[in-house]
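Dear colleague,

Please read the notes with the coordinates open.

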Amino acid sequence: MSKKSPKIGTVVKIEMSGNRYNAFDSDGNKLTSFIRTGTRKSAYKAGSALECREGKGGRIYWWKVPMENFGVVSHIPDAPSEVEVPDGHAEIVDFINTSYKLKPKGLVMKELKWKYLVRGAVRGKNLLMTGPAGCGKTMAAKSLVNAMDRPDFYFNLGATQDPRSTLIGNTHFDKKKGTYFSEALFVKAISTPNAVILLDELSRAHPDAWNILMTVLDEGQRYLRLDEADGSETINVAEGVTFVATANIGNEYTSTRVMDKALMDRFTIVEMDVLTDEEELGLLTYMFPHVNLDLLKSVSEIAHLTRVESKSDTGKLSTGISTRTSVELAGLLYDGFDLNEAAEVTAYPQFADDGGVDSERTYVKQLVQKYINDGSNEDLFNEEEMTDEEKENS
Ligand SMILES: Nc1ncnc2c1ncn2[C@@H]1O[C@H](COP(=O)(O)OP(=O)(O)OP(=O)(O)O)[C@@H](O)[C@H]1O
Ligand SMILES: [Mg+2]
């Protein structure tokens, strides 16, 4: 039997077994213990169902309602939605085709990827944005949610310590009300038709959260069980609800080992591309038009070179400088820090300094140093002098 109080609006039917009047909801959950014997008996005699209601001061009581009310609250899957009709289809194709203009300027993402995202959301797919840290997964997911003009909900699963209370709710005790259940916002989210639900940092979520989400995300199930017990109350995911999750995992083959394979299988995976040096320079100049272009060029090239180095089999770096870090670095340049100072506080701490001169940090420091030397006017002048000398010599 479920330990949780039934939800307001629950309708039960009374059945006789032996000398007991048992109450069952339309999902077959036995709720006898929540209803006084006299109430159950009189409903049975009258051929009525009972509905759970809330009176003044939060008092819970059961009210006789016509038997026709029993079962109507349970979710009956709707007929195929209107998007299947050719007219709707043409509209959808048009919407997807012109959707690139809905992408915010500050988000760098290729048109195809963006349209693929929009298409997934329109088609009610569960989307999972993957990619390394700081490459724009959360930004893209939030931008998509904003572009959709549908009710949206945000959950950062990486930050929750207690998945049950975030995704399901809490059982409380109150002297007047007795034991009652307060639903999590997530329950409201999945019950909202056409909602777009952002599950940020799913890869960092507690495994309990993954387990709870298994049935929610499964195309054939789409329900949330309020209790682990079999036969406990379930909430159906409403029509048109779309999930957009992010996972901080590389685009490499090993990703499935980080996150449960069965959970990954429930998603359409959208790989976030790591920006090229040109794309990154474009972003930085868009964000910081007043910073010297050569400096921004240095930042984007340094970041790019660290990424290339981290990808190479013989590379000396385990990770590259992320776009997030590039943006932070450029922000410091804008505020008057020089490249060396900016790199020292943002980039260097991300690289291990054990191993002395062979450490990853030394490698990155030397790379930055190279740009500081190359970029200064003095050096440029010397180079010109040298070429003049060379010309004279030849
Ligand atoms: N593709 C991008 N276009 C524009 N800005 C970006 C992009 N990628 C990263 N950024 C910048 O980096 C910041 C961090 O991006 P975001 O939070 O989306 O990264 P993430 O991929 O979700 O990282 P994490 O894996 O750590 O959660 C953004 O606020 C933005 O300034
Ligand atoms: Mg993120």
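Tyr334 has a relative accessible area of 46% and is therefore partly exposed, whereas Phe288, at 13% relative accessibility, counts as buried (buried means under 20% relative accessible area, exposed over 50%, and partly exposed in between, with a 1.4 Å probe and protein chains only). This is a predicted model, in which local features need pLDDT of at least 70 and side-chain atom pairs count only at pLDDT 80 or more, while totals for chains, interfaces and linings use all residues. Residues are numbered from 1 along each chain as its sequence is written, chains are lettered from A and ligands numbered from 1 in the order in which they are written, and side-chain values use heavy atoms, with hydrogens and water left out.

Rings of Phe, Tyr and Trp (its six-membered ring) pair if their centres lie within 6.5 Å, and planes under 30 degrees apart count as stacked, over 60 as edge-to-face and the rest as tilted. By this rule there are four aromatic pairs. One of them joins Tyr61 and Trp63 edge-to-face, at 6.3 Å centre to centre with 90° between the planes; Tyr61 is partly exposed at 23% relative accessibility, and Trp63 is partly exposed at 47%. The rings of Phe288 and Tyr334 have centres 6.1 Å apart and planes at 45°, so this pair is tilted.

As for charges, the charged end of Lys142 sits over the ring of Tyr154, 4.8 Å from its centre, and that of Lys177 sits over the ring of Tyr180, 4.2 Å from its centre (NZ of Lys or CZ of Arg within 6 Å of the ring centre and within 35 degrees of the ring normal).
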